[in-house]
Amino acid sequence: EPEPEPVEGIEVVPLGDRREELLVAVWPLALAGYAELPLPGPVSYTLETWLRESGTRPEGSFVALEHGEPVGFAGLMEHANGSAIAEHGLTVVRADRRGGGIARLLKRRQLAWAAGAGVVRLVTWTQKGNEAMQALNRSLGYVDASKVITFQGPRPGGDDGGLGGGPPERSCRHGDDREQRPGDVRPQGPQCLARRGEEGGR
């Protein structure tokens, strides 16, 4: 996977050994991005959780800077099945800088990093209602691998005559499952978008 062409005026840097510093810098951007996710209820996310869970593959997580200010972020996280698999976290671009190729640039930087780092599979989840991200993922070779539909409704035994409602659950998550081989990432198989390559999302 070759390094992507740059976007004029945009510097892309990995979290690397500045992980906590850069995650704090992009926190306001992350909050704005989470607020826009097409979920049935608000996302409750604290800075403490953000620092603990986001960008746990720091060399594969990237910040887009314009004049030193964060305008985009794409996180990559550790996966329970080992270092050969990684999971995409939040991908977000500041509202006034969208449409200029920054999200694509960030995603392609992640793919290039993964291809050279021994990561053979990338996984991501994209909600129904976020068709722009689904389209971006597909254009990068991701294909649907699985679909998860969560139903929600009244919960038996509640305080309203047995029809109580619990908190809303996330609904209609589309999973992007991508496999690639370092240095050889031609798509050929299965997002509930997957990209199967000859070797190793949000």
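This dialogue walks through some features of a predicted model.

Q: What should I know about the model and its numbering before I start?
A: The model is predicted: local features need pLDDT of at least 70, side-chain atom pairs count only at pLDDT 80 or more, and totals for chains, interfaces and linings use all residues. Residues are numbered from 1 along each chain as its sequence is written, and side-chain values use heavy atoms, with hydrogens and water left out.

Q: How many helices and strands are in the protein chain?
A: Elements are DSSP runs numbered from the N terminus: helices are H or I with at least four residues, strands are E with at least two. The protein chain has 4 helices and 7 strands. From the N terminus, their order is β-α-α-β-β-β-α-β-α-β-β.

Q: How do I read burial?
A: Buried means under 20% relative accessible area, exposed over 50%, and partly exposed in between (1.4 Å probe, protein chains only). Of the 202 residues in the protein chain, 46% count as buried. Ser54 counts as buried, at 5% relative accessibility. Glu11 is partly exposed, with a relative accessible area of 47%.

Q: Where is Ser54, and with which residues is Ser54 in contact?
A: Contact means heavy atoms within 4.5 Å. Ser54 sits in the loop between α2 (47–53) and β2 (62–66). Leaving aside neighbours within four places in sequence, Ser54 is in contact with Arg19, Leu23, Thr49 and Phe73.

Q: And which residues is Glu11 in contact with?
A: Glu11 lies in strand β1 (residues 11–14). Neighbours within four places aside, Glu11 is in contact with Val63, Ala64 and Leu65. Glu11 and Val63 are 52 residues apart in sequence, but 8.1 Å apart in space, C-alpha to C-alpha.

Q: Which residues of helix α4 are buried?
A: In α4 (residues 131–139), Met133, Gln134, Leu136 and Asn137 are buried. Seen down the axis, these buried residues fall within an arc of 160 degrees, so they line one face of α4. The arc is that of the directions from the helix axis to the C-beta atoms.

Q: How do α3 and α4 cross?
A: Axes are lines fitted to C-alpha atoms, for helices over the stretch in contact, and angles run from 0 to 180 degrees between N-to-C directions. The axes of α3 (residues 102–116) and α4 come within 11 Å and cross at roughly 45 degrees. The two helices are therefore oblique to each other. Under 35 degrees counts as roughly parallel, over 145 as roughly antiparallel, 65 to 115 as roughly perpendicular, and the rest as oblique.

Q: Which residues make the contact?
A: Ala103, Arg104 and Lys107 of α3 meet Met133, Leu136, Asn137 and Ser139 of α4.
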